Amino acid sequence: MNESQPGDPIPEAGRIAPRQGAADQAGWLKWLPGLQTLRHYELAWLRHDVAAGLVLTTMLVPVGIAYAVASGVPGIYGLYATIIPLLAYALFGPSRILVLGPDSSLATLILAVVLPLSGGDPLRAIALASMMAVVSGVLCILAGVARLGFVTELLSKPIRYGYMNGIALTVLISQLPKLFGFSIDAEDPLNKVWQFAQALLAGKTNSTALMVGGGTLALIMLLNRSKHLPGILIAVIGATVLVAMLGLDSYGVSVLGSLPQGLPAFAIPWITLADVVPVLMGGFAVAIVSFADTSVLSRTYADKTGAYVDPNQEMVGLGAANLAAGFFQGFPISSSSSRTPVAEAAGARTQLTSVVGAVAVALLLLLAPNLLQYLPNTALAAVVIAAAIGLIEIADLRRIYRIQRWEFWLSIGCCIGVVVLGAIPGIGLAILLAVIEFLWDGWRPDSAVLGRVKGINGYHDTSRYPDARLIPGLVLFRWAAPLFFANAEWFHERALDAVAASPTPVRWLVITAEPVTSVDVTAADIVAKLDETLRAAGIKLCFAEMKDPVQDKLKRFGLFSRLGAEVFFPTIGEAVNTYLRTYPDVAVEWKKSDSRPG
């Protein structure tokens, strides 16, 4: 889905507006993408952002409280870690719909530091957790300033699809017990599926809760077809009113309950000297996890909406949000793969959605802590499930299956890895698969012997044009990849095979090196080895169309001077003409059959 985004310039006919990252903006505004959006804000987006922000609030409150408890701090701090960081990211973050906040992937990392050091003291626990957020924030900002956001480019589209589909399935699995009105104790998705099935067979389903949750889900899916109705908001309000009016909480339908009151205040998280090392290590781990998770999610939604998001500024936005959390009684946060799709599905247009959500949570704490006390948890599960369903990509994977089957299975493998191993190991698996994919493409690249095809200019692959004519004594060998350690031996073998397969004795082997974008030390040594082998057979090794930066590398390696500048030709035609001038007997015979040797 390619939509016009706020702030995108409208180019004149025949031109395309340049994509602007943070580094391209003028002055201090380059660090404040939120203000850039505000300058170009359109009134038509306001109702969408407000509605999406209100819907998002119904997720922010219970999820924030739950993840705070899971992180070893009192639940109220989960709301503190939601309000101020959302405002900070709305100002510093480049993504217009990405939602940040407490996240399940960080809970275990925070708990591992807080639990043994706090001694059960909630104030000490939040000080430790807040300082972890400060450490994480500083590291993320440094990563953004150092322009390390390029790591998002390591993940191909099929791998990103696999990661997001795996996240969607994980979220679905985690919410199914809540939808059916019971809870389970399993941690990993496979055990959750097993225990969920056992609970169903044991008759633990609360039929009233299931009807409320199932009805909410059905209403959301039905109203989502309309672009004008806030389906999620209508469904959640309807479920809350229904539970309150009919007293369904007395039938075992679990509800959110009253919220604690109070707003976050600025506070420096003081820790002891003995806490410094574990807090630094924990903050570093949190930074890595949130960095990876946010990078993938941001890039995925940027592709989905047709927008451009500067990954380096994304890191700055994430760091600013964590610093805000750390200094306003919060704890480390990350992007949310469950709340972001809720915001998107509810019609979010800009960062104002997060601002509305933050303000709404603050007003709830100040003015109406009991407003959502009858909000059924099964309805919240329905909201998350609907969002997860919208996150699943199937149509484009079908296209990938038709045109590149192995990449389809790569996506499926990544999806399974996320479900089985978890979201964060799944990111590691995705990056590993991306590296393997790159190495596989370069390990055994295409190579070909080129010949002259009648009626077509240039020189072409003889395997595709069997009638192509070869110049006697000259082998034109094309290598279609960078030369590096993984494919150097294969290059050596394929080049010698091309010489051995020549129908006439070979005088020159010309490597048509235009596709060769790089060469490393291992490959350079293999080229030297190839030259020795060819010299022993009375064959001259030459290169055509090699790029200047690659030649510069050969000069540093000492290979350029060894081979001689005269064996490097700017074009294939120049190499052929020089060969024919060197061997006039071949030239006479060749010109009889081809009047255009160059």
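The axes of helix 6 and helix 16 (residues 405–421) come within 7 Å and cross at roughly 35°; axes are lines fitted to C-alpha atoms over the stretch in contact, with angles from 0 to 180 degrees between N-to-C directions. The model is predicted: local features need pLDDT of at least 70 and side-chain atom pairs pLDDT 80 or more, while totals for chains, interfaces and linings use all residues. Residues are numbered from 1 along each chain as its sequence is written, and side-chain values use heavy atoms, without hydrogens and water. Helices are DSSP runs of H or I with at least four residues, numbered from the N terminus.

Helix 6 passes helix 16 in a right-handed crossing, meaning that the near helix is turned clockwise from the far one by less than a right angle. On the helix 6 side the contact (heavy atoms within 4.5 Å) includes Tyr161, Tyr163 and Ile167, and on the helix 16 side Leu410, Cys414 and Val418. By class, this contact has 12 nonpolar, 5 polar and 1 charged residues.

Helix 6 (residues 157–179) also approaches helix 7 (residues 189–201), their axes coming within 10 Å and crossing at roughly 35°. This crossing is left-handed. Thr170, Ile173, Ser174, Leu176 and Pro177 of helix 6 meet Pro189, Lys192, Val193 and Phe196 of helix 7.

Elsewhere, Leu87, Leu263, Val359, Leu363, Leu366 and Leu367 make a nonpolar surface patch of about 530 Å². Helix 13 (residues 352–367) gives the most to this patch, with 4 residues.

Methods: Helices (H or I, at least four residues) and strands (E, at least two) are DSSP runs, numbered from the N terminus. Patches are made of residues with over 30% relative accessible area and no salt bridge: like charges are joined within 9 Å, nonpolar side chains (Val, Leu, Ile, Met, Phe, Trp, Tyr) within 5 Å. Accessible areas come from the Shrake-Rupley method with a 1.4 Å probe; for residues, only the protein chains shown count as cover. A salt bridge is a side-chain nitrogen of Lys or Arg within 4 Å of a carboxyl oxygen of Asp or Glu. Ala, Val, Leu, Ile, Met, Phe, Trp, Tyr, Cys and Pro count as nonpolar, Asp, Glu, Lys and Arg as charged, and the others, Gly among them, as polar.
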